[in-house]
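User: I should like to work through a protein structure by question and answer. Please begin with any term that I shall need.

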Amino acid sequence: MQQNRMKTPEDYMSQVLDLARQGEGKVSPNPMVGCVVVKNGKIIAAGYHEQYGGFHAERNALNNCQENPEGAELYVNLEPCCHYGKTPPCTEIIIEKKIRKVYVGCPDSNPKVAGKGVRILREHGIAVETGILEQECRALNEVFFHYMEQNMPFVAMKYAMTLDGKIACETGDSKWVTGEEARAYVQCLRNRYRGIMAGIGTVLADDPMLNCRMEGGRNPVRIICDSRLRIPLDSRIVRTASEIETIVAWNPKAAAGEGRRTEETVKKLEQQGVRLLEVPISPEKEQKNQLDLSWLLQKLGERGIDSILLEGGGTLNASALQAGLVQRVYGFIAPKLVAGAEARSPVEGRGIPRMEDAVELEQTEVMKYGKDLCITGRIGGTACLPEL
């Protein structure tokens, strides 16, 4: 008779990661964290960080133990916090419940923790082992680590194109490049990332909602780059701004150059619930009145927006890549051919002069949704496009 294999720390950490993922779209700018408590080879408690402002994973697990956790082992994918914030420190309850050993997936980059959590536990006689599935733990919270370490939002660029590289026909028609399954996954991405950014060209062409349409999903903060303040007052984004947080990034000087009644437009947008953010023009792109995206992202980060799904057209995508602001790409490819020399492509601008200098993706994955493919990966190093 075959005996059951004893579970390893890696087995328990895999369960922890599955738990942590349940917090996706609910806890940012906090990380996704899961926890299991094991005693005598049996899981006696499990929990995860369920919502921003709520108890962390360790406290949720330990408050729901099926038996006395004294002498048990605790598994958590991120170093336990050791400071008072919206909730008490997790190190406190771990010590209080007399946990014998803690297995940690990876250290916390938050300067308020950053090794202090592990040190406090050890100072109280609790054994700590770190680095359990560390690579997988870091990958789960790539947004959190980037936000903490770079003080800037994590940017994921998403687009859908045909097999011949077009995001729309020459006529401008783009509904739909991909099928229902791929579009459903995009809703998951909108739930995952805290903000969604598009250019005014996309708004004028498609009148999109840019909301999350998955069951139980969270609407991202909508950010529209509109230097000349051309967004129509009757657009779906403006009409729903009182329900879904909406930021329009603009520049007064550029808007004045359009000869528009700027003051009246600003007043009407604000009355509809739109938050207007004045952004300087990029010094390199004054003639095109393009906003300084680096400045804009820094300000969004200061507002607690830790991540952005970039769903702009070819111009905005090229500008973000040129500024070195994109960390991940989701490229959806539909098995269709539409042709057309003037049909738009997902990344425009001047482009790379030599193939050997192309921006490359690392840690790539290929996923299939219905007939469509999605290739995703991290932007390698500090790669960026040349000046547009």
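Analyst: A salt bridge is a side-chain nitrogen of Lys or Arg within 4 Å of a carboxyl oxygen of Asp or Glu. Please note that the model shown is predicted.

User: How far apart are the closest N and O atoms of Arg378 and Glu142?

Analyst: Arg378 lies in strand S14 and Glu142 in helix H6, so the pair ties together parts that are 236 residues apart in sequence. Between Arg378 and Glu142 the closest N and O atoms are separated by 3.0 Å.

User: Which residues are linked with Arg378 in a network of salt bridges?

Analyst: Arg378 is partly exposed, with a relative accessible area of 22%. Glu142 counts as buried because its relative accessibility is 14%, and buried means under 20%. The network that contains Arg378 links it with Glu142 and Arg328.

User: In which helix do Lys299 and Glu302 both lie?

Analyst: The side chains of Lys299 and Glu302 meet in a salt bridge, at 3.6 Å from N to O. An α-helix has 3.6 residues a turn, so residues three or four places apart point the same way. Lys299 and Glu302 are 3 residues apart, about one turn, and both lie in helix H12.

User: Is Glu302 buried or exposed?

Analyst: A residue is called exposed when its relative accessible area is over 50%. The relative accessible area of Glu302 is 54%, so Glu302 is exposed.

User: How many Å apart are the end C-alpha atoms of helix H1?

Analyst: Helix H1 covers residues 9-20, which makes 12 residues. At 1.5 Å a residue, these should span 16 Å. The model agrees, because the end C-alpha atoms are apart by 16 Å.

User: What arc do the buried residues of H1 cover around the axis?

Analyst: In H1, the residues Tyr12, Met13, Val16, Leu17, Leu19 and Ala20 are buried. They lie on the same side of H1, because the arc that they cover around the axis is only 155°.

User: With which side chain does the side chain of Ser319 make a polar contact?

Analyst: Ser319 is placed in helix H13. Its relative accessibility is 8%, so Ser319 counts as buried. At 3.1 Å, the side chain of Ser319 makes a polar contact with that of Gln290.

User: What is omega for the peptide bond that joins Ser28 and Pro29?

Analyst: Most residues other than glycine have a negative phi, and most peptide bonds are trans. Pro29 is found in the loop between H1 and strand S1. The bond that joins Ser28 and Pro29 is cis, with omega about 5°.

User: What is the phi of Gln363, roughly?

Analyst: Gln363 is in strand S13. At 59% relative accessibility, Gln363 counts as exposed. Although Gln363 is not a glycine, its phi is positive, about 50°.

User: Which elements give two or more residues to the nonpolar patch?

Analyst: The nonpolar surface patch, of about 300 Å², is made by Leu361, Val366, Leu373 and Ile375. One of these residues, Ile375, counts as partly exposed because its relative accessibility is 31%. The elements that give two or more residues to the patch are strand S13 and strand S14.

How values were computed: Residues are numbered from 1 along each chain as its sequence is written. This is a predicted model: local features need pLDDT of at least 70, side-chain atom pairs count only at pLDDT 80 or more; totals for chains, interfaces and linings use all residues. Side-chain values use heavy atoms; hydrogens and water are left out. Patches are made of residues with over 30% relative accessible area and no salt bridge: like charges are joined within 9 Å, nonpolar side chains (Val, Leu, Ile, Met, Phe, Trp, Tyr) within 5 Å. Accessible areas come from the Shrake-Rupley method with a 1.4 Å probe; for residues, only the protein chains shown count as cover. Helices (H or I, at least four residues) and strands (E, at least two) are DSSP runs, numbered from the N terminus. Buried means under 20% relative accessible area, exposed over 50%, partly exposed in between (1.4 Å probe, protein chains only). A polar contact is a pair of N or O atoms within 3.5 Å; within protein, one must be able to donate a hydrogen and the other to accept it, and residues adjacent in sequence count only if both atoms are side-chain atoms. The expected span of a helix is 1.5 Å times one less than its number of residues. The arc is that of the directions from the helix axis to the C-beta atoms.
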